Amino acid sequence: MSAINPTADQRGFIAIDWGTSSFRLRALDDRGNVIAQAESGSGVSRLGRNALLPFLQAEIAKLPEAAQSYPIIMCGMVGSNIGLQAVPYAQCPLDPATLAEQIEPLNSTADSSLHASIVPGLSARNGTGELEVMRGEETQIVGWLAQADEAQKQQSLLCLPGTHAKWAQVRDGQVAGFHTAMTGEVYALLNEHSVLVQGEQQFDDAAFDAGVAASHSETAGSGALLQQLFSTRTRVLDGKLPAQHSSAYLSGLLIGSEIRHAVSANQAPMVVQLIGSERITRLYRKALQILGVDCQCHDGESLALAGLQFFARRTTQPSA
């Protein structure tokens, strides 16, 4: 296993990203090496609140004996009102150190033997004054800030694709604000439950590219996506799109529309920092290139670990 950047005062810790539908655990030793890991679909909504603590205890008990006493730092929906313990959102703008100050220890009445803490999510107001929230992505943003250069920290636009994609503005080393695009969830719903996609599908790069291009047509404007979506079906009827490539076209149309809105909302041209898995960032990178926007890609899991390491150093003290 590769190591993340160790420091002189680092001790081993357990990093947990516990989302709505997934659970991911990494145990790291005092040199930053991953010595044990676990992943499952046991998200907080799938287990139910009463089953969360027993599940966590069981997962810790599976670790090597030396790691079972490591401090635990958790992020994600585990800190929501359906999670193990509700932790209030930290409000933007704020920097990583200020966010670390708002980390909450797990209530000792839950299990005094678990030295666990939960990272707050972030909240902000978007351009129309609506509330925006995230839980889990903030650790990736903090991990990115830890390796960013000074110019990047002064002003950057970050994109974290996913079921609910986050676009975050970084200014003066702080998370200034962000907004959410439900691209992944809308794609899944339309792909599985609409007339737009019929029969077996095969991903096709050219169909995806065509969807991105259509999202950025000269006629695109406010509300245009709702009209453009139906072209996923009519292009098949018109002989312009093979039926088995409908899903790829739809993906390009949605991702292209998301990017067009996010980039146009930012006043200064910049390089978009893409944070996520290779599978999803590949599509966003293609779309950005088609739309003439530069980007840099970063592995989301590595940055999440780096972010949780940052928090672990500030919530635990080295062993005597």
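**Reading a sheet and its helices**

Three bridges join strand S10 (residues 155-160) to strand S13 (residues 272-276), and the two strands run parallel. The model is predicted.

User: Now the whole sheet. What is the strand order, and what kind of pairing does the sheet have?

Analyst: Two strands count as paired if there are at least two bridges between them. Here five strands form an open sheet, ordered S12-S11-S10-S13-S14. The pairing is mixed.

User: Which strands stand at the edges?

Analyst: S12 (174-181) and S14 (295-299) do. Each has a single partner strand, so one side of each lacks a neighbour in the sheet.

User: How many degrees are neighbouring strands turned against each other on average?

Analyst: Ignore direction for this one. The average for this sheet is 25°.

User: Which helix packs on the sheet, and which strands are touched?

Analyst: Helix H11 (residues 278-290) packs there. H11 touches S10, S11 (165-171), S13 and S14. The direction of H11 makes about 155° with that of S13.

User: H11 also packs with H7. How do I read that angle?

Analyst: Compare the directions of the axes. Helix H7 (residues 205-215) and H11 pack at about 55°, with axes 10 Å apart. That angle makes H7 oblique to H11. Their crossing is right-handed.

User: What residues make the contact, and how do they divide by class?

Analyst: From H7 come Asp205, Phe208, Asp209 and Val212. From H11 come Arg282, Leu283, Lys286, Ala287 and Ile290. The contact of H7 with H11 has five nonpolar residues, four charged and no polar.

User: Take another pair, H6 and H10. At what angle do their axes cross?

Analyst: The axes of H6 (residues 183-193) and H10 (residues 246-264) cross at roughly 155°. They come within 10 Å. The angle makes H6 roughly antiparallel to H10, because angles over 145 degrees count that way.

User: What is the handedness of the crossing where H6 passes H10?

Analyst: It is right-handed.

User: And which residues meet there?

Analyst: H6 contributes Thr183, Val186, Tyr187, Leu190 and Asn191. H10 contributes Ser247, Leu250, Ser251, Leu254, Ile255 and Glu258. By class, the contact of H6 with H10 has six nonpolar, four polar and one charged residues.

How values were computed
Residues are numbered from 1 along each chain as its sequence is written. This is a predicted model: local features need pLDDT of at least 70, side-chain atom pairs count only at pLDDT 80 or more; totals for chains, interfaces and linings use all residues. Side-chain values use heavy atoms; hydrogens and water are left out. Axes are lines fitted to C-alpha atoms, for helices over the stretch in contact, and angles run from 0 to 180 degrees between N-to-C directions. Helices (H or I, at least four residues) and strands (E, at least two) are DSSP runs, numbered from the N terminus. Angles under 35 degrees count as roughly parallel, over 145 as roughly antiparallel, 65 to 115 as roughly perpendicular and the rest as oblique. A crossing is left-handed if the near helix is turned anticlockwise from the far one by less than a right angle, and right-handed if clockwise. Contact means heavy atoms within 4.5 Å. Ala, Val, Leu, Ile, Met, Phe, Trp, Tyr, Cys and Pro count as nonpolar, Asp, Glu, Lys and Arg as charged, and the others, Gly among them, as polar.
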